[in-house]
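Subject: Structure handover

Hello,

Here is the structure I promised you. Please open it and keep it beside this email as you read.

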Amino acid sequence: MEFDLAPLRKLQEIDLAIAARLKVEDELPRQIQAFDDEISSRQAEMEGEKGKLGDLQKSKKTAEGEVELLRGKIAHYKDQLLSVKTNREYSALLKEIDSAQKKIDGLEETIIAYMIETDEHHAHLKRIEAWFQSERAKLLANKAGIERELAKARADRSALESQRLEMEKTLPETVYRTYVRVRELRGTSLAEARDQFCMECHVRLRPQVYNDLRSNIRMITCDSCDRILFYDGPPPVAQPDEAAAPMESEEELDAATQGRSSTGD
Ligand SMILES: [Zn+2]
């Protein structure tokens with residue numbers, strides 16, 4: 001009776017496909033989050049600029065109001081100048097006028113600074129608005145594409161999981177348990193054996209094991225990595241001497257040769 005490896009190989013294929021979908025499901029939400037973060041950070045930047053422009057406008061208005069008030073005072077002082085009786089009062093008023101004028105000069109400089117700052121923030125706001133006009137739509141389109149990809153990965157995985165459940169039922173319990181145990185240990189459960197080597201852990205198989213594997217009479221696991229072995233080459237040609245005289249690995253031969261030559265010296 002032949003050991004049927006086909007369901008196990010199919011199971012591994014399904015498990016690898018599920019793992020690939022899980023990776024996508026893990027990665028894509030992060031990409032989606034990055035799109036959302038970029039948009040909300042630009043949005044916050046825009047709100048910040050608008051707030052700043054509002055503050056600047058308020059400050060400018062306040063400064064303009066103060067200038068207006070000081071100009072009123074100066075006009076009043078100038079009126080008073082006409083009716084003062086003493087030099088002392090006269091020079092006191094001139095001092096007041098001078099001080100008010102100095103305050104006005106300072107405030108006017110501040111107002112100009114506010115205007116320059118307003119222009120800068122206005123230009124920045126325009127750049128953000130332009131970004132929203134041109135880039136936001138592209139970003140949202142990309143995000144929608146990724147969301148579709150994610151939905152597909154989820155649907156695919158769900159289908160694969162149902163398929164896996166069916167496949168699992170067809171396997172003998174001991175075989176399935178071995179499969180799961182090795183998978184948890186190694187990530188994959190199956191390994192191809194070729195030219196007497198396990199192609200996963202690259203350890204040479206014993207000739208008897210390799211022969212049994214090629215004859216496909218039972219489940220065979222790699223002595224080194226425990227993976228369930230499969231063989232895709234041609235069936236074995238009967239070679240009666242092969243089993244009787246086990247072949248040594250090249251490493252063993254090399255070690256033996258070196259050992260002999262070094263002890264010979
Ligand atoms: Zn192995």
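Below is what turned up, element by element.

First, a caution: this is a predicted model.

Start with α2, which runs over residues 87-169. It has 83 residues. From first C-alpha to last, α2 reaches 115 Å, close to the 123 Å expected at 1.5 Å a residue. Look for a kink in α2 of about 45 degrees, centred on E135.

The sheet
Next, find the open sheet of 3 strands. Its order is β2-β1-β3, and the pairing is mixed. The edge strands are β2 (197-198) and β3 (228-230), and each pairs on one side only. Strand β1 covers residues 190-194 and pairs with β2 in the antiparallel sense, over 2 bridges. A193 has C198 in β2 as its bridge partner.

The core
The largest nonpolar core has 17 residues. Among those with the most contacts inside it are A193, C198 and L229. Two or more residues each come from α1 (6-81), α3 (173-186), β1, α4 (207-215) and β3. Now pick out L229. Beyond its neighbours within four places in sequence, L229 is in contact with residues including A191, A193, C198 and L213.

One residue to check
K60 lies in helix α1. Leaving aside neighbours within four places in sequence, K60 is in contact with I111 and Y114. K60 and I112 are 52 residues apart in sequence, with their C-alpha atoms 8.8 Å apart in space.

Best wishes

How values were computed. Residues numbered from 1 in each chain as written. Predicted model: local features only at pLDDT ≥ 70, side-chain atom pairs only at ≥ 80, totals over all residues. Helix = DSSP H or I, 4+ residues; strand = E, 2+ residues; numbered from the N terminus. Expected span 1.5 Å × (residues − 1). Bend = angle between axes of the 7 residues up to and from the residue. Pairing = 2+ DSSP bridges. Core = buried A, V, L, I, M, F, W, Y, C linked by C-beta atoms within 7 Å. Buried ≥ 20, exposed ≤ 12 C-beta atoms within 10 Å, placed from the backbone. Contact = placed C-beta atoms within 7 Å.
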